[in-house]
Amino acid sequence: MLEEKSDVIEKEYEIVNKKITYEELLENIAKLKNKEKIENIWYLIYQYYKNDSNWNKKLNQDLEGLKYTNLPQKLEQRNIEKLYGNKLTTSISRLEKYRNCPFSYYLQYGLKLKEKEKLQVHNFDTGSFMHEIIDEFFEYVNQEKLELAELEKEQIEKIVENIIDNKLTLNKNYIFKATEKYKLLVRRLKRVVSQSLKYIIETIIYSDFSIEGTEVEFGENGKYEPIILNLEDGKKVEIKGKIDRIDTANEEDGKYLRIIDYKSSSRNIDLNEVYAGLQIQLLTYTDAICKQEDIMPAGVFYFSLLEQMEKAEKRISEEEIEEKIRKAFRMKGLIVADVKIIKMNDNTLNSGSSKLVPAGLTKAGTIHKKWTNGVSSEEFKILQDYIYKTIKDISKEILSGKIDINPYNKSGKTPCEYCEYKAICGFNPRYKNNKYRFIDKMSQDDVIIKMSKELGCKK
Ligand code: SF4
């Protein structure tokens with residue numbers, strides 16, 4: 001006749017022994033401070049500990065502790081001026097960082113707090129290393145006037161091998177040549193970069209696009225002017241940055257642009273994150289170049305530099321493996337959903353899903369909505385306008401001294417997971433006013449409607 005009970009959802013307090021009951025008393029006092037109702041028994045228990053000479057001192061100390069708050073104050077005007085002056089010079093990734101959590105932005109870029117650097121081999125940044133190799137590969141191809149379409153797999157491997165070996169010999173910072181573990185890492189890097197390059201080349205030769213530049217900079221000495229926006233009270237924000245690769249295509253109706261970002265992880269564009277200001281980099285750069293050069297946008301893409309392995313339930317042929325891997329290397333991102341633009345990005349596509357970009361066409365030659373991660377040119381324009389509003393909003397918040405501990409939470413994913421400032425902020429969602437900023441999960445259409453409404457209200 002025993003009845004099973006659980007206090008997982010609704011905590012039930014039990015008076016068990018002095019130590020546990022004392023902890024529960026503190027929890028109840030905290031609840032009371034948050035104006036929650038508690039059972040009457042806890043008033044008696046409080047009297048009990050208060051009158052007990054062994055517990056009285058600890059109780060007083062802990063009651064003082066309950067007054068503690070980790071919430072930061074807004075910065076004072078004179079300190080804001082010392083930190084940023086009247087012009088905020090920044091990058092889009094820093095503004096995105098502010099939207100990740102304003103307090104971590106303040107610690108990293110305001111106070112410039114850094115973890116003590118240790119010279120460790122595992123600090124080697126494979127992501128930037130692979131970027132460099134890819135850039136040097138295209139430089140070499142240019143110098144040697146090689147035709148991308150004619151490059152054989154073995155030739156790509158040889159060029160990559162030479163570039164990596166030269167780099168390791170010339171740069172003494174690459175201390176990882178010494179051990180077997182790192183020889184293995186070098187072999188893996190050669191394999192991943194060669195494999196990636198094979199598919200990067202396909203995205204160029206089977207499209208109307210050609211590479212216009214790699215590691216392209218926005219800034220005083222860059223190819224493009226920095227992005228400067230005027231805020232209120234004579235304040236300004238100046239944005240500098242770098243783009244991994246820009247491609248252009250000359251068509252009858254004008255010039256088109258697409259931006260490619262190499263990632264050493266798998267990344268896609270989620271308009272909910274764009275709306276929240278967490279993913280605005282590629283769209284901002286696209287807009288800035290389009291305006292500076294009078295070009296039309298065709299899309300923004302991520303190319304993942306990850307070694308792709310495929311599982312198979314049954315024995316499959318070499319061709320099938322190749323198809324699966326090619327699919328895994330397909331660029332992710334956002335395309336301008338127009339049949340002409342899709343075909344410019346993949347000129348082998350007549351119907352079905354593209355092997356190169358996130359788009360597909362029906363048998364009738366119209367856009368296949370399910371296979372296409374895209375927006376119309378009008379919607380792309382709304383995204384671009386909204387991003388400028390976001391940049392201005394974030395900059396104003398920074399320059400107003402707002403440094404809230406307010407990390408985002410997207411379906412359980414938060415920036416706190418890998419944040420090096422955890423020990424400083426002491427964020428705990430159970431503390432009063434320690435709250436996540438939850439990111440909505442809206443459909444793409446709903447995000448665009450919301451953005452256009454907000455822009456409309458502004459106008
Ligand atoms: S741990 Fe979380 S709340 Fe604390 S600074 Fe980092 S991101 Fe912000």
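**Helix packing and the ligand shell**

Helix α8 passes helix α9 in a right-handed crossing, a crossing being right-handed if the near helix is turned clockwise from the far one by less than a right angle, and left-handed if anticlockwise. The model is predicted, with local features needing pLDDT of at least 70 and side-chain atom pairs counting only at pLDDT 80 or more, while totals for chains, interfaces and linings use all residues. Residues are numbered from 1 along each chain as its sequence is written, and side-chain values use heavy atoms, leaving out hydrogens and water.

Helices here are DSSP runs (H or I, at least four residues) numbered from the N terminus. The axes of α8 (residues 153-170) and α9 (residues 180-205) lie 9 Å apart at an angle of about 135 degrees; axes are lines fitted to C-alpha atoms over the stretch in contact, and angles run from 0 to 180 degrees between N-to-C directions. The two helices α8 and α9 are therefore oblique to each other (under 35 degrees is roughly parallel, over 145 roughly antiparallel, 65 to 115 roughly perpendicular and the rest oblique).

Helix α5 (residues 92-100) packs on α11 (residues 281-293) at about 140 degrees, with axes 9 Å apart, and this pair is therefore oblique. The crossing of α5 and α11 is right-handed. Against α14 (residues 377-399), α5 packs at about 70 degrees, with axes 10 Å apart. That makes α5 roughly perpendicular to α14, and the crossing of these two is left-handed.

Turning to the ligand, its surroundings are formed by C101, S104, I405, P407, C416, C419, K422, C425 and F427, each with a heavy atom within 4 Å of the molecule. By class, this shell has seven nonpolar residues, one polar and one charged.

Notes
Nonpolar A, V, L, I, M, F, W, Y, C, P; charged D, E, K, R; others polar.
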